[in-house]
Amino acid sequence: PALREVGGAAATYLPLGDAAAWGRAISEAAIAPAGARAEQAEAGRLRAAGFSWERVARATLDAYREVGW
């Protein structure tokens with residue numbers, strides 16, 4: 001799934017429509033130790049740092065060149 005490609009291991013994934021799972025995840029995040037929350041936040045920042053509009057533009061241009069545009 002596309003969101004897993006973006007979030008990688010830095011994100012928490014939950015089933016759509018499962019309100020109980022979402023409730024548990026929110027509760028667990030709210031009571032998690034500050035260190036654990038900081039680690040997950042840092043993992044998210046590191047994951048996001050791997051993406052840039054320049055990189056997307058270059059990959060798009062390369063794909064267009066590959067198909068002869």
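User: Where is Ala 10 found?
Analyst: Ala 10 is in the loop between α1 (2-7) and α2. Helices here are DSSP runs of H or I with at least four residues, strands are runs of E with at least two, and both are numbered from the N terminus. The model is predicted, so local features need pLDDT of at least 70 and side-chain atom pairs count only at pLDDT 80 or more, while totals for chains, interfaces and linings use all residues. Residues are numbered from 1 along each chain as its sequence is written, and side-chain values use heavy atoms, with hydrogens and water left out.

User: Why is Ala 10 called buried?
Analyst: Buried means under 20% relative accessible area, exposed means over 50%, and partly exposed lies in between (1.4 Å probe, protein chains only). Ala 10 has 16%, so Ala 10 is buried. In space, the C-alpha atoms of Ala 10 and Ala 43 are 5.2 Å apart, although 33 residues separate them in sequence.

User: What makes Arg 47 partly exposed?
Analyst: Arg 47 has a relative accessible area of 33%, so Arg 47 is partly exposed. Arg 47 belongs to helix α3.

User: How many aromatic pairs are counted, and what makes the pair of Tyr 64 and Trp 69 stacked?
Analyst: The count is one aromatic pair. The ring centres of Tyr 64 and Trp 69 are 5.0 Å apart and the planes meet at 15°, so the pair is stacked. The rule takes rings of Phe, Tyr and Trp (its six-membered ring) with centres within 6.5 Å; planes under 30 degrees apart are stacked, over 60 edge-to-face, and the rest tilted. Tyr 64, at 40% relative accessibility, is partly exposed, whereas Trp 69, at 74%, is exposed.

User: How do you know which residues line the largest pocket?
Analyst: A pocket is an open set of points on a 1 Å grid over the protein atoms alone, where a 1.4 Å probe fits, with protein on both sides within 12 Å along at least five of seven lines; lining residues have an atom within 4 Å of a point. The lining includes Trp 22, Ile 26, Glu 28, Arg 37 and Gln 40. Helices α2 (19-31) and α3 (34-49) each supply at least two lining residues, and α2 gives the most, with five.

User: How much space lies in the largest pocket?
Analyst: The largest pocket holds about 210 Å³.

How values were computed: Points joined across faces, edges and corners; volume = space filled by probe spheres on them.
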